[in-house]
Amino acid sequence: MRIKRNYVIFGLFLWIAAWVGNVYYFKVLKEPFFLKHYYEVREGMQTISLYYIDMANREDNITSIYFPEIDYKPVILNKTISIHSGNYDLKCIELNLLQGDDKEILDKIKNTLVTKSEVEYKNGEKRVIDIGRIYIYTENKINSDILSFRSISSISGGRTIATFRANDNLKIKKLNYEFMDMDGLLGLKVNGKVVNGDEPSTIIAKDEELTVEANFEFNKESSMKYNVYNFFVNVEFETLDGKMGVNSFAVNNQFIGKDIFNALKYSKSGVNK
């Protein structure tokens, strides 16, 4: 009888420990938790997507998104659920940046940087959110006549490989992107050679192909891997007779299933444990 009693006490202890652990790790969101976005939007791109985590099965009550830094309110096109995981959903709002007279809107918002968004809810409440950094319609002159884009492939885990073809003898001068100030963001290779922090100085003969690889390289415990990235890597080059130019390719992170909900570990405001 004493042994059975010990089993019961031990089982009760395990149940209490599991319950306490669940309360500690499970967070009740008072309002949607927006991920940080690091985007570069170029001309020809009309829509962007903003991602946020919300309680599962809670009705979406966001009515509008406003960018106070540029006095502009884009139109919400779609709301979807990207990933579901028990208590949470990863949701997405697709925004249309251009409406009405495209030229008028372009003149208003081009070459601007957005770091904040104001979210308005059905009950009239508004929240200003640190959204990351979104560069809208920054100028970038692409020269595809000398270095032409051939193909691109993306692999789960944030690795992108782009292939170009040289239409003249040229030298690769530099690889750069808008977020080079963020430590540990991308690992870069030119024709299989690591060039992080170094000038490639790679000679490409006419009609040869050039392979550029970009791989997101986050530290294991870094909160940066739970941000949203969609931007361009620029490949700057110079022909042997002195003509300068640039071509580029897009990189973006791929959400690794339900791991994205670990972003809540780094949240403080708007959350109850």
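The protein exposes about 15,300 Å², and carbon and sulfur atoms supply 49% of that area. The model is a predicted one. It comprises 2 helices and 19 strands, and buried residues account for 42% of the 273 residues. Among contacts between residues at least 6 apart in sequence, 68% join residues at least 24 apart.

**Nonpolar cores**

- The largest nonpolar core has 42 residues, of which F34, L35, I53 and I134 touch the most other members.
- Two or more residues of this core come from each of β2, β3, β4 (47-55), β5 (62-66), β7 (88-96), α2 (102-109), β8 and β9.
- Strand β4 gives the largest share of this core, 6 residues.
- The contacts of F34, not counting residues up to four places away in sequence, are L50, Y51, Y52, I62, I65, V119, I129 and I131.
- Another core lies apart from it and holds 31 residues, including L147, I204, M224 and V233.
- As general background, nonpolar side chains in soluble globular proteins tend to be buried together.

**An open antiparallel sheet**

- An open sheet is formed by 5 strands in the order β10-β11-β16-β13-β14, with antiparallel pairing.
- Its edge strands are β10 (147-155) and β14 (193-194), each of which pairs on one side only.
- Strand β13 (residues 186-190) is joined to β14 by 2 bridges, and the two run antiparallel.
- Residue V190 stands opposite K193, which belongs to β14.
- In general terms, the strands of a sheet pair through backbone hydrogen bonds, in either a parallel or an antiparallel manner.

**Salt bridges**

- The model contains 13 salt bridges, counted where a side-chain nitrogen of Lys or Arg is within 4 Å of a carboxyl oxygen of Asp or Glu.
- One of them pairs D130 with K36, the closest N and O atoms being 3.3 Å apart.
- K173 is partly exposed at 32% relative accessibility, and E238 is partly exposed with a relative accessible area of 22%.
- E40 forms a salt bridge with R42, where the closest N and O atoms are 3.1 Å apart.
- Are E40 and R42 buried or exposed? Both E40 and R42 are buried.
- A network of salt bridges links E31, E125 and R127.

- T112 is located in strand β8 (residues 112-121).
- Its relative accessibility is 15%, so T112 counts as buried, the limit being under 20%.
- A polar atom of the T112 side chain lies 2.4 Å from the backbone oxygen of I109.
- Leaving aside residues up to four places away in sequence, T112 touches I70, I134, Y135 and I136.
- One of these contacts, I134, is also among the residues that touch the most other members of the largest nonpolar core.

- Y137 has a phi near 50°, a positive value in a residue other than glycine.
- Y137 is in the loop between β9 and β10, and at 1% relative accessibility Y137 counts as buried.
- D207 likewise is a residue other than glycine with a positive phi, here near 75°.
- The loop between β15 (202-204) and β16 (209-216) contains D207.
- With a relative accessibility of 43%, D207 counts as partly exposed.

Notes
Residues are numbered from 1 along each chain as its sequence is written. This is a predicted model: local features need pLDDT of at least 70, side-chain atom pairs count only at pLDDT 80 or more; totals for chains, interfaces and linings use all residues. Side-chain values use heavy atoms; hydrogens and water are left out. Two strands pair if DSSP finds at least two bridges between them. Helices (H or I, at least four residues) and strands (E, at least two) are DSSP runs, numbered from the N terminus. Buried means under 20% relative accessible area, exposed over 50%, partly exposed in between (1.4 Å probe, protein chains only). A polar contact is a pair of N or O atoms within 3.5 Å; within protein, one must be able to donate a hydrogen and the other to accept it, and residues adjacent in sequence count only if both atoms are side-chain atoms. Contact means heavy atoms within 4.5 Å. A nonpolar core is a set of buried Ala, Val, Leu, Ile, Met, Phe, Trp, Tyr and Cys residues joined through side-chain atoms within 4.5 Å. Accessible areas come from the Shrake-Rupley method with a 1.4 Å probe; for residues, only the protein chains shown count as cover.
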